[in-house]
Amino acid sequence: MSRSTVTAGDRSRPDGAWNHYLAELGSLRMHYVREGNGDPLFLLHGWPEFWWTWHRIIPTLEQQFQIIAPDLRGFGQTSDPGAQPASADTHAGDILALADHLGIERFGIVSHDVGAAVAQAIARRAPTRLRGLFFFNAPYPGIGKRWAEAGHLQQIWYYFFNQLPWAVDLIGQSRETCRTFFGNMLRHWSYADDTFDEELELWVDNFMQPGVIAGGFAWYAATHDARIALARDGSPTLPKIQVPSRFLWGRHDPVLPAAWSDRLDDYFVAPEIEIAEEAGHFVHYERPDLASNKIIEFFQSLAASSL
């Protein structure tokens with residue numbers, strides 16, 4: 001039986017507390033923030049992130065939509081009771097279970113990075129549940145062998161580091177080691193080096209919670225075989241995702257280059273693609289006004305076309 005409980009509000013929000021909840025979904029205890037009214041939008045974060053990565057766009061989006069921003073399994077304040085690292089399919093099942101728990105039949109998804117892989121898994125598993133898909137910088141099968149190109153290998157060192165048996169202990173040894181590791185990621189992947197400086201300690205707070213570094217690192221163990229298969233065999237042939245989709249890709253992302261959006265047509269039916277200037281990996285965080293406006297425009301256009 002599933003149930004939700006309300007947790008203490010977060011006073012870091014200028015206009016009051018965030019609405020935090022914990023949903024008991026079988027053995028999974030999922031934390032999420034829920035704001036606003038209207039058509040539901042699930043915001044699915046990436047790595048190294050948690051629900052807070054969306055806080056710059058939620059105040060705008062909640063004026064138009066009901067926003068549900070969960071911490072994925074093993075991230076933030078969501079537990080990870082599984083015996084094996086959670087794959088995209090496992091995360092997809094979690095999000096569908098949360099939607100069922102909330103009584104939400106159809107919804108839109110806004111996603112990034114890990115969350116984008118989860119969104120694609122949901123679209124292949126339960127396409128009729130989805131109104132639309134909005135992506136920021138999304139890993140997808142069309143990247144293929146480019147993951148392991150000689151010029152890109154230095155960007156993906158962390159794929160392998162995060163799977164080392166001592167990596168969690170090393171990075172979690174102190175706030176200083178945690179800050180050094182995640183601060184490097186956030187600075188290097190952003191267009192401007194100081195993008196996260198004012199809130200870096202919130203990231204350290206998050207990852208210094210017991211189990212959270214391990215929960216995020218587990219994603220790389222769960223997806224290792226699939227990534228190696230892409231690097232070895234190239235892009236697979238798959239049925240195209242039919243759900244309407246739009247992509248807003250940061251021009252200056254070093255780990256998911258904007259040029260890699262070139263094969264989206266092979267995996268999505270009629271994807272809409274736009275490049276965000278002066279943005280890196282975290283478009284929603286680096287360009288929140290642009291991101292909010294594009295999300296609203298996309299989902300409003302879908303609503304208008306269904307009339």
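Where does T223 lie? T223 sits in the loop between α8 (212-222) and α9 (224-233). Here are some notes on the rest of the model, which is a predicted one.

1. T223 counts as buried because its relative accessibility is 11%, and buried means under 20%. The side chain of T223 has a polar atom 2.8 Å from the backbone oxygen of W219.

2. **Confidence.** The protein chain has a mean pLDDT of 94, with 94% of its residues at 70 or more. Strand β4 (residues 40-44) has the highest confidence, at a mean of 99, while strand β1 (residues 3-6) has the lowest, at 48. Over residues 6-12 the pLDDT is below 50, yet this stretch has 19 contacts in the model beyond near neighbours in sequence. Please keep those confidence values in mind when reading that part of the chain.

3. **Overall build.** The protein chain contains 11 helices and 9 strands. Its radius of gyration is 18 Å, close to the 19 Å that the globule rule gives for 307 residues, so the chain is as compact as a globular protein of that length. The C-alpha trace spans about 50 × 45 × 40 Å along its principal axes. Of the 307 residues, 55% are buried. Among contacts with a separation of 6 or more, 74% are between residues 24 or more positions apart.

4. In soluble globular proteins, nonpolar side chains tend to be buried together. Here the largest nonpolar core has 100 residues, and F42 and W47 touch the most other members. Helix α3 (residues 114-125) gives this core its largest share, 8 residues. Setting aside neighbours within four places in sequence, F42 has contacts that include I68, I95, L98, A99 and L102.

5. Side chains of opposite charge can pair when their charged atoms come close. The model has 15 salt bridges by the rule used here. In one of them, the side chains of R73 and D94 meet at 2.8 Å, N to O. R73 lies in the loop between β5 (66-70) and α2 (88-101), and D94 lies in helix α2, so the pair ties together parts that are 21 residues apart in sequence. Both R73 and D94 are buried.

6. **A helix-to-helix pair.** R175 and E201 also form a salt bridge through their side chains, at 2.8 Å from N to O. Because R175 belongs to helix α6 (residues 175-189) and E201 to helix α7 (residues 200-207), this pair ties together parts that are 26 residues apart in sequence. R175 counts as partly exposed, at 34% relative accessibility. E201 is partly exposed too, with a relative accessibility of 34%.

7. D266 and R263 meet through their side chains in a salt bridge of 2.8 Å, N to O. D266 counts as partly exposed at 36% relative accessibility, and R263 is partly exposed with a relative accessible area of 29%. Elsewhere, salt bridges that share partners join R175, R179, E201 and D205 into one network.

Key:
Residues numbered from 1 in each chain as written. Predicted model: local features only at pLDDT ≥ 70, side-chain atom pairs only at ≥ 80, totals over all residues. Heavy atoms only, no water. pLDDT = per-residue confidence, 0-100. Helix = DSSP H or I, 4+ residues; strand = E, 2+ residues; numbered from the N terminus. Contact = heavy atoms within 4.5 Å. Buried < 20%, exposed > 50% of the residue type's maximum accessible area, 1.4 Å probe, protein only. Polar contact = N/O pair within 3.5 Å; in protein donor to acceptor, adjacent residues only side chain to side chain. Salt bridge = Lys/Arg side-chain N within 4 Å of Asp/Glu carboxyl O. Core = buried A, V, L, I, M, F, W, Y, C linked by side-chain atoms within 4.5 Å. Rg over C-alpha atoms; globule rule 2.2 N^0.38 Å.
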